[in-house]
Amino acid sequence: MSAKSKNTNRSILVAIGLFLLTKFKFIFLFLKGFKFTGTIISMGFALYFYALVFGWKFGVALIYLIFIHELGHVIAARIKGINTGLPMFIPFVGAFINLKEMPRDAKTEAFLAYGGPFAGLLSFLPAIPLYIYTEDPFWALVIHLGAIINLFNLLPVSPLDGGRIVGVLSPNIWFLGLLALGAFLFISPSPMIVLIFIFGMFSWWSHLTSDYRHKQLQYERDKWEQLHQEISRWINQPPTSQERYDLQRVYMQAQQAQPKKPFTFPLFQEEKKLAYKKLLLDREFILKRWELLVAHEQEQYRNAWNQYTDTTASTTEAQVSPQHTLSSEDHIHSTEQDTYQSEQGILQQTISTAETKLADMNTELERHAGYYETNAATRWKVLLAYLVLAGLLAAFYFYSDQMLLELRQVMKAA
């Protein structure tokens with residue numbers, strides 16, 4: 001088979017793998033319900049495609065190297081007390097693990113990221129003495145492949161391991177990683193590199209706009225806090241006629257005045273964009289307060305009418321059957337209690353909703369505010385570990401590349 005045909009077949013299978021990843025996620029979600037079955041089945045599925053294109057020995061080596069790499073992430077996550085699933089394989093894409101909870105800070109995320117390349121380094125070390133003893137080119141290929149896989153994962157681009165590691169230093173480094181990945185994509189294009197580049201762009205953009213999103217979330221949190229305080233007061237002290245009039249007037253103005261979305265340049269006019277979002281939130285909560293008050297008043301009228309009809313029916317029954325007077329009075333008292341509770345139904349539901357939203361937003365704000373904060377000593381340790389790991393993998397890459405080059409020269413001479 002020609003090299004061109006092999007590349008064509010490989011591209012087709014990569015496309016199939018990406019299609020399965022995006023369109024048939026439910027298959028992998030189903031398999032994740034089993035502790036080991038999902039990993040074994042997806043591993044066999046990937047091995048079949050790898051063996052079909054590269055041969056079974058290469059396929060087994062590739063699956064082994066990827067599996068140990070992902071297992072390193074799992075072990076690192078368990079050390080930090082983060083629950084994860086077992087590795088799941090996608091043909092010609094790699095493998096992934098499902099984090100069932102997010103790391104609490106960038107330092108923890110970096111520790112999880114280190115687990116993969118470190119375990120990947122250990123995975124191909126046994127191939128060195130095997131190559132020296134047997135001089136079998138296959139073991140040199142295992143070393144070369146393991147070094148490439150883990151060295152590539154150390155590129156400082158999110159969501160690769162390197163990007164998650166250098167996030168402790170500064171997420172701004174992701175831009176340099178994107179430049180390196182773009183150059184790599186230009187030299188050796190492939191669907192997988194394109195996919196990683198796209199995800200990397202989204203991650204970098206998300207970081208650049210994180211300050212804007214933080215301010216927007218903070219403002220929205222304040223609006224929910226104000227609504228929570230106001231409707232809590234309505235339960236014990238209904239709005240006065242003047243407050244109701246003012247709220248209705250502001251509601252009518254908000255209905256007629258729809259803020260016009262301004263044109264803004266991304267990253268350069270974030271304050272202008274934030275001001276527009278604040279106007280939208282102001283209008284949204286003005287409408288919400290008035291509609292909530294109207295719904296609450298309608299609920300009160302409905303409950304009052306139900307209480308009146310129940311009381312009238314009970315009184316009539318008591319006049320017809322005097323011996324049931326006591327039970328009728330108990331029924332009236334019970335009806336009054338139920339009416340009082342139901343009068344607060346809409347307000348209580350809104351208060352519960354507001355408290356849930358406030359808790360979620362406070363958690364998100366706290367996580368965002370301190371996620372990348374760490375001391376200088378931690379940054380130096382992370383940087384040193386990153387450079388040492390990348391240096392070792394690069395050394396093994398060039399060492400195995402030299403071995404393969406010598407083998408090719410020997411084969412040509414023979």
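A395 is partly exposed, with a relative accessible area of 44% (buried is under 20%, exposed over 50%, partly exposed in between, with a 1.4 Å probe and protein chains only). This is a predicted model: local features need pLDDT of at least 70, side-chain atom pairs count only at pLDDT 80 or more, and totals for chains, interfaces and linings use all residues. Residues are numbered from 1 along each chain as its sequence is written, and side-chain values use heavy atoms, without hydrogens and water.

**A395**
- A395 sits in helix 16 (helices are DSSP runs of H or I, at least four residues, numbered from the N terminus).
- The C-alpha atoms of A395 and A147 are 8.6 Å apart, yet 248 residues separate the two along the chain.

**Helix 9**
- Helix 9 covers residues 173-187.
- Its 15 residues should span 21 Å at 1.5 Å a residue, and the end C-alpha atoms are 22 Å apart, which agrees (the expected span is 1.5 Å times one less than the number of residues).
- W174, G177, L178, L181 and L185 are the buried residues of helix 9.
- Down the axis of helix 9, these buried residues fall within an arc of 105°, so they line one face (the arc is that of the directions from the helix axis to the C-beta atoms).
- An α-helix has 3.6 residues a turn, so residues three or four places apart point the same way.
- The face of helix 9 turned away from the buried side carries exposed L176, F186 and I187.
- The buried residues of helix 9 pack against helix 7 (137-153), helix 8 (161-166) and helix 10 (191-208) (contact means heavy atoms within 4.5 Å).

Conventions: Helix = DSSP H or I, 4+ residues; strand = E, 2+ residues; numbered from the N terminus.
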